[in-house]
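Hi there,

Here is the structure I promised to pass on to you. Please have a look at it, and then read on for what turned up.

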Amino acid sequence: MRNPLSDTIVNIKPSGIRKFFDIVTEMKDAISLGVGEPDFDTPWRVRDEAIYSLEQGRTFYTSNSGLKELKEEICVYLNRKYDLHYNPSNEVLVTVGGSEAIDLALRAMLNPGDEVLIPQPSYVSYEPCTILTGGVPVTIDLKEENEFRLTAEELEEAITDKTKILVLPFPNNPTGAIMEHHDLEAIVDVVIKHDIFVLTDEIYSELSYGENEHVSIASFPGMKERTIYINGFSKAFAMTGWRLGYACGPQEIIAQMTKIHQFAIMCAPTTSQYAAVEALKNCDEEVAAMKEEYNGRRRYLINRFKEMGLSCFEPFGAFYIFPCIKEFGMTSEEFATRFLQEQKVAVVPGTAFGDSGEGFVRISYAYSLEQLKEALDRMEVFIKGLRENG
């Protein structure tokens with residue numbers, strides 16, 4: 001019988017994030033710090049709007065690119081938050097989560113052999129989505145001494161005559177790293193010099209904890225026309241299961257993304273779109289309250305790691321922390337496996353996010369402070385044992 005499977009698909013590794021999550025679900029008294037999902041309920045006003053839309057019978061397809069009212073509100077939101085200016089009629093596409101937007105952008109822009117620069121450690125989708133288009137992923141290893149920020153020198157060194165797109169994944173999953181205005185300014189110079197495009201994934205834009213507000217590379221002069229901006233509702237608004245994201249960018253790129261979306265998806269969930277309008281209009285206070293809670297958890301983890309003597313740079317974005325475990329002389333996979341087996345706590349090996357994640361583990365603090373305290377108590381016991389037996 002002929003092989004029914006695509007070689008390309010078979011050769012792509014499954015996500016390393018879910019491996020430990022799947023194990024921990026079968027383990028009694030285990031704690032998972034592995035999944036990046038807010039532990040907050042979706043704000044009530046958002047749920048209420050969804051219920052109302054159902055009661056009103058708003059259960060039909062929207063246009064392929066999304067509900068007109070939602071696209072308009074996305075533009076208002078991005079203008080007031082990040083000084084970004086888009087035309088809702090032809091520069092915005094509503095997608096099934098930010099992940100679909102990433103896939104669509106790469107499929108719409110890449111020809112076989114085009115290179116995509118992917119700073120790592122980073123979210124697991126960029127590399128396989130590039131491969132699925134026939135593009136060539138080229139990774140840039142980010143360094144702890146640079147707080148896992150992308151430098152202009154690293155970018156310059158990675159560019160070739162085949163480079164077409166730079167993925168800019170900040171605030172970053174898994175490191176929690178951010179890019180400030182001066183960091184982006186240097187990147188912009190290199191991008192324009194080499195005439196490449198940027199796919200900026202800013203799904204964690206609302207979760208920046210430093211003194212400076214989040215800045216989008218799309219807001220810099222000369223960058224809007226060469227940038228696909230991606231965001232969504234899962235993280236900031238605690239709407240993971242609603243599956244709603246969006247992309248903004250040049251009309252000619254959004255048009256081709258919409259074409260693929262039209263054939264593959266039709267449109268994003270209608271009920272979710274009506275709920276998202278309410279989220280953008282009236283949930284600033286709820287988002288701020290969740291952010292403040294995350295920040296408290298962030299500070300708690302940083303202090304606990306200091307007390308343990310565990311090396312960890314201070315992250316200023318998202319809801320992840322990326323401690324270094326190199327002192328224990330084992331791989332990230334070995335550390336995470338033993339930690340789960342011996343103390344029943346699941347964390348994600350840094351290598352799930354690229355080879356440059358070796359020697360680190362990702363801990364999500366999208367969990368209650370009570371859970372984090374118990375997990376860190378267990379971690380302290382685990383680390384003490386490793387040091388005593390080292």
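Strands E9, E12 and E11 make an open sheet of three strands, in the order E9-E12-E11, with antiparallel pairing. Strands here are DSSP runs (E, at least two residues), as helices are (H or I, at least four), and both are numbered from the N terminus; two strands pair if DSSP finds at least two bridges between them. At the edges sit E9 (320-321) and E11 (348-349), each of which pairs on one side only. E11 is joined to E12 (residues 361-364) by two bridges, and the two run antiparallel. Val 348 has Arg 362 in E12 as its bridge partner.

Before going further, please note that this is a predicted model: local features need pLDDT of at least 70, side-chain atom pairs count only at pLDDT 80 or more, and totals for chains, interfaces and linings use all residues. Residues are numbered from 1 along each chain as its sequence is written, and side-chain values use heavy atoms, leaving out hydrogens and water.

Next comes strand E5 (residues 163-168). Five of its six residues are buried, where buried means under 20% relative accessible area, exposed over 50% and partly exposed in between (1.4 Å probe, protein chains only). E5 pairs in the parallel sense with E3 (residues 115-120) over three bridges, and Glu 115 has Thr 163 in E5 as its bridge partner.

Now for the helices. The axes of H4 (residues 68-82) and H10 (residues 270-282) come within 9 Å and cross at roughly 25 degrees. Axes are lines fitted to C-alpha atoms, for helices over the stretch in contact, with angles from 0 to 180 degrees between N-to-C directions. H4 is therefore roughly parallel to H10 (angles under 35 degrees count as roughly parallel, over 145 as roughly antiparallel, 65 to 115 as roughly perpendicular and the rest as oblique). Glu 69, Leu 70, Glu 73, Ile 74, Tyr 77 and Arg 80 in H4 meet Gln 273, Ala 276, Val 277, Leu 280 and Lys 281 in H10, contact meaning heavy atoms within 4.5 Å.

One more residue to look up is Glu 278, which lies in H10. Glu 278 counts as buried because its relative accessibility is 16%. Not counting residues up to four places away in sequence, Glu 278 touches Arg 45, Val 46, Glu 49 and Cys 283.

Enjoy exploring!
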